[in-house]
Amino acid sequence: MESIEKKKKDKKNIEDNPGPCLEKECSFCCDPVKVGRFFPEEKIPVNENGEKIWKERVEILIPEDEIDTTRLKSYDCVNLDKATGKCLDYEKRPLICRKASCVNRDSKESIDEQHKRMTKRKFIVIKT
Ligand code: SF4
Ligand code: SF4
């Protein structure tokens, strides 16, 4: 089992190393936005008018590869252009989005392999 220290280091590496979203034209992390079940409401990013930009879906996602341990809340982001999969405010996207990454620079896997592993994740959807 992975140590807590290793998990923390992996998390930091990932946060300091933004994902290849533009190169891959990938919106996996935005469609829908997926966060831990106990993600605090006050951390939802807001626009310049103070309005939350993520709208909660009435569902819980269970990753098939973490079926016993993980439950996720999901959100639709008002900044996602569903037709193109692009963020409409990419340059000014919130910090929490900048920190989202599928790439850990300490990994032995290539960026391609890590990206593929992330985007092929499947979820069981439970309506709430
Ligand atoms: S899976 Fe990777 S490339 Fe795709 S949106 Fe997330 S961080 Fe970006
Ligand atoms: S603001 Fe942009 S990067 Fe952040 S979740 Fe919305 S679409 Fe994705």
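Among contacts in the protein between residues at least 6 apart in sequence, 65% join residues at least 24 apart, a contact being two C-beta atoms, placed from the backbone, within 7 Å. This is a predicted model, in which local features need pLDDT of at least 70 and side-chain atom pairs count only at pLDDT 80 or more, while totals for chains, interfaces and linings use all residues. Residues are numbered from 1 along each chain as its sequence is written, with chains lettered from A and ligands numbered from 1 in the order in which they are written.

**Overall build**

- The protein has four helices and six strands, taken as DSSP runs numbered from the N terminus (helices are H or I, at least four residues; strands are E, at least two).
- From the N terminus on, these elements follow the order α-α-β-β-β-β-β-α-α-β.
- With a radius of gyration of 15 Å, close to the 14 Å that the globule rule gives for 128 residues, the protein is as compact as a globular protein of that length; the radius is taken over C-alpha atoms, and the rule is 2.2 Å times the number of residues to the power 0.38.

**Strand pairing**

- Strand 2 (residues 54–63) pairs with strand 3 (residues 72–77) in the antiparallel sense over five bridges; pairing requires at least two DSSP bridges between the strands.
- Leu 72 in strand 3 is the bridge partner of Leu 61.
- Strand 2 is also joined by five bridges to strand 6 (residues 123–127), again antiparallel, and here Ile 60 stands opposite Ile 126.

**Core**

- Buried residues make up 13% of the 128 residues, where buried means 20 or more other C-beta atoms within 10 Å of a residue's own, with C-beta atoms placed from the backbone.
- Cys 30, Val 33, Trp 54, Cys 77 and Leu 80 form the largest nonpolar core, a set of buried Ala, Val, Leu, Ile, Met, Phe, Trp, Tyr and Cys residues joined through C-beta atoms within 7 Å.
- Beyond its neighbours within four places in sequence, Trp 54 is in contact with Val 33, Ile 44, Pro 45, Tyr 75 and Cys 77.

**Ligand surroundings**

- Ligand 1 is surrounded by 14 residues, the closest being Gly 19, Cys 21, Cys 26, Cys 29 and Cys 102; a residue is near if its C-beta atom, placed from the backbone, lies within 6 Å.
- Helix 2 (21–24) and helix 4 (111–119) are the elements giving two or more residues to that shell, and helix 4 gives the most, with three.
- Around ligand 2 are Cys 30, Val 33, Ile 53, Cys 77, Asn 79, Leu 80, Cys 87, Asp 89, Arg 93, Pro 94 and Cys 97.

Notes
A residue is buried if 20 or more other C-beta atoms lie within 10 Å of its own, exposed if 12 or fewer, and partly exposed in between; C-beta atoms are placed from the backbone.
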